[in-house]
Amino acid sequence: MTWKPDRRRVAVVYPHLPHYRYGVFLELEKRLSDILFITGGQSRDGTISVIPPGTFRREAAVRNRWLGPFLWQRGLGTVLRKFDPEVVIFLGDVSHLSTWVNAVTSRIRGRRVLFWTIGWHRPEGGIRRLIRMFFYRLSDLLLLYGTTGQRIGVDLGFPRDRTRVVYNSHSSLSDAPSAALVPELLPPPDRPTIGAVLRLTRTKQLEAIIETVAEVNRRSTLGACCLIVGEGPERERLETQAAAAGVDLYLPGAIYSVDALEEVYRRIDVTLVPVAAGLTVLQSLNAGTPVVTVADAYRQMPEFEAIIDGRTGTLTSDLDPREFAIASLFWLRQIGQYGESIANEIRALTNSRWSPTAQADAIVKAVNFAVITPGFGQVVRRHVARRR
């Protein structure tokens, strides 16, 4: 499709430009001819691969200064003043102190302010609810990852007409730095494999993946193995658990590049993320690989909404390796019987909402809606004019 670029002047403010946002940023650049990406460079701890400087037509650098958990982007106000955008899209993180200040000044100057954010994971109360609500109300519009976050926010009192669900997407640069992919570190291509690509952290409850593979092998003669791609503090514990359970576990390390990830997903038949299923879901579904996880929305990330039960994966009623095993066996047998047709259907169902193209379309629509809606700066100026 040939796009006629929208000539609105838009600034996108991020602490860093993560590699997994490459696709949607590129699509936004196609649709918005006058877009500026403002970033502080590297991620805070260096664990997230970033898009190299100079990738996009217009970029501006600010200096990230971390004050404990809080971020101040030094020079952001100056960059915004010089560029003078119609619309500013901030990463809507309450801990970014410079966003608080620049959101207010931008609205006073008549700019539209959009917060691109996960939003609410679960209902909140007390001071946390008040702070988040006050912060989000600094924006003209919230761009939310999923309908669960929107519903919770509206239930807590945030205006629905100031929210837009733009979903999420995942893509990476083909030359993103990662560990070399050694074939010997992956399972044989013809061996049934259950696994995931994610950070090896305790919050993901990764021990359930190994327990599930063990249960699958107790229930069948498939001889399934486990492939978990990523790095993190749980590596040794997973190796110990797999040895005790008699599960063949493959841990090749962190991998980001497109070619290497394609090879990984040629080996993984079923992706299993017990809880907090996020971008891994989109990465897997884009590869045509079904995802199994628990159905409880409050134990999940917004991207789990991309799983259509029985069509792109399975949502289990409980965090139980036995349920995970039943679901995994179902998909292993379906894949064995129908193969590529299942992968094609999964990709088609996912790309309708959860692709860089679909997400960029939704964001541009939100930008245009915000521009034609009276903003805070306009309301103030009209009020002053009437008093005169």
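R164 lies over the face of F369, at 4.1 Å from the ring centre, and the charged end of R9 likewise sits over the ring of F83, 4.2 Å from its centre; a charge sits over a ring here if NZ of Lys or CZ of Arg is within 6 Å of the ring centre and within 35 degrees of the ring normal. The model is predicted, with local features needing pLDDT of at least 70 and side-chain atom pairs counting only at pLDDT 80 or more, while totals for chains, interfaces and linings use all residues. Residues are numbered from 1 along each chain as its sequence is written, and side-chain values use heavy atoms, with hydrogens and water left out.

Rings also meet other rings. A pair of aromatic rings is described by the distance of the centres and the angle of the planes, and rings of Phe, Tyr and Trp (its six-membered ring) are paired if their centres lie within 6.5 Å, with planes under 30 degrees apart counted as stacked, over 60 as edge-to-face and the rest as tilted. By this rule the count comes to 16 aromatic pairs. One of them joins F25 and F56, an edge-to-face pair with 6.1 Å from centre to centre and 85 degrees between the planes. Because F25 lies in helix 1 (residues 22-31) and F56 in the loop between strand 2 (32-39) and strand 3 (59-61), this pair ties together parts that are 31 residues apart in sequence; helices (H or I, at least four residues) and strands (E, at least two) are DSSP runs, numbered from the N terminus. Both F25 and F56 are buried, where buried means under 20% relative accessible area, exposed over 50%, and partly exposed in between (1.4 Å probe, protein chains only).

The rings of W120 and Y136 have their centres 4.9 Å apart and their planes at 85 degrees, so this pair is edge-to-face. W120 lies in the loop between strand 7 (112-117) and helix 4 (126-136), and Y136 lies in helix 4, so the pair ties together parts that are 16 residues apart in sequence. W120 and Y136 are both buried, and they belong to a cluster in which ring pairs link F90, W100, F115, W120, F134, F135, Y136 and F158.

Charged side chains make a further set of contacts. With a salt bridge taken as a side-chain nitrogen of Lys or Arg within 4 Å of a carboxyl oxygen of Asp or Glu, the count comes to 23 salt bridges. R107 and D140 meet in one, at 3.3 Å from N to O, and this pair links distant parts of the chain, R107 being in helix 3 (residues 97-108) and D140 in the loop between helix 4 and strand 8 (141-144), 33 residues apart. R107 is buried, as is D140.

Within helix 6 (residues 207-219), R219 and E215 are four residues apart, about one turn of the helix, and their side chains meet in a salt bridge at 2.7 Å, N to O. R219 counts as partly exposed at 41% relative accessibility, whereas E215, at 12%, counts as buried. Salt bridges that share partners join E27, K30, R31 and D361 into one network.

The structure holds zero disulfides, a disulfide being a pair of cysteine sulfur atoms within 2.5 Å. The sulfur of C225 is 7.6 Å from the closest cysteine sulfur, in C226, which is too far for a bond.
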